[in-house]
Amino acid sequence: MRMTTQNDCQSCGMPLKNDPKGGGTYSDGAKSHSYCSYCYADGRFTHPDMTVDQMKILSAAKLRDQGYPLFVARLLVRNLHKLERWNAGASRPLASGARAK
Ligand SMILES: [Zn+2]
């Protein structure tokens with residue numbers, strides 16, 4: 001059973017509808033429906049070395065900027081580690097490896 005919502009960025013958890021660009025981009029320019037433009041651009045993660053804990057801090061700060069109270073921001077980032085990017089099991093993002101078969 002999948003709990004992920006495809007309408008949220010699978011890296012930072014931001015709803016893609018809040019993304020001014022409507023989602024990240026693959027290297028061929030196609031839109032990603034899994035990642036936002038802040039996390040994913042031109043077929044790669046914008047912060048490839050970021051850990052999930054760093055992402056939680058960054059996302060909470062971003063939410064605070066958007067006017068969310070601190071406790072809400074904390075609540076929203078609490079489950080970030082369950083998102084696809086952090087669940088791949090490996091340090092390599094699955095974005096490019098998915099077509100390897
Ligand atoms: Zn994102």
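This is a predicted model: local features need pLDDT of at least 70, side-chain atom pairs count only at pLDDT 80 or more; totals for chains, interfaces and linings use all residues.
Against which element do the buried residues of α1 pack? Good morning, colleagues. The buried residues of α1 pack against α2, which spans residues 70-77.

Let me begin with α1 itself. The helix has 14 residues and runs from residue 52 to residue 65. From its first C-alpha to its last, α1 reaches 20 Å, close to the 20 Å expected at 1.5 Å a residue. The buried residues of α1 are M55, K56, S59, A60 and L63. They lie on the same side of α1, because they cover an arc of only 130° around the axis.

I turn now to the pairing of the two helices. Two packed helices are described by the angle between their axes and the distance between the axes. In this model, the axes of α1 and α2 come within 9 Å and cross at roughly 140°. That angle makes α1 oblique to α2. The crossing in which α1 passes α2 is right-handed. On the α1 side, the contact is made by K56, S59, A60, L63 and R64; α2 contributes L70, A73, R74, L76 and V77.

Is L63 buried or exposed? L63 has 21 other C-beta atoms within 10 Å, and the cut-off for a buried residue is 20 or more, so L63 is buried. Leaving aside its neighbours within four places in sequence, L63 is in contact with Y68, A73 and L76. Two of these partners, A73 and L76, are listed among the α2 residues that make the helix contact. As for M14, this residue is 49 residues from L63 along the chain, and their C-alpha atoms are separated by 8.8 Å.

Finally, I draw your attention to two backbone angles. After α1 comes G67, whose phi is positive, near 100°. The other is in D42, a residue other than glycine, where phi is also positive, near 60°. Where does D42 lie? D42 is found in the loop between β1, residues 40-41, and β2, residues 44-45. With 11 C-beta neighbours inside 10 Å, D42 counts as exposed.

To close, I return to the opening question: the buried residues of α1 pack against α2. Thank you for your attention.

Terms used: Residues are numbered from 1 along each chain as its sequence is written. Helices (H or I, at least four residues) and strands (E, at least two) are DSSP runs, numbered from the N terminus. A residue is buried if 20 or more other C-beta atoms lie within 10 Å of its own, exposed if 12 or fewer, and partly exposed in between; C-beta atoms are placed from the backbone. Two residues are in contact if their C-beta atoms, placed from the backbone, lie within 7 Å. The expected span of a helix is 1.5 Å times one less than its number of residues. The arc is that of the directions from the helix axis to the C-beta atoms. Axes are lines fitted to C-alpha atoms, for helices over the stretch in contact, and angles run from 0 to 180 degrees between N-to-C directions. Angles under 35 degrees count as roughly parallel, over 145 as roughly antiparallel, 65 to 115 as roughly perpendicular and the rest as oblique. A crossing is left-handed if the near helix is turned anticlockwise from the far one by less than a right angle, and right-handed if clockwise.
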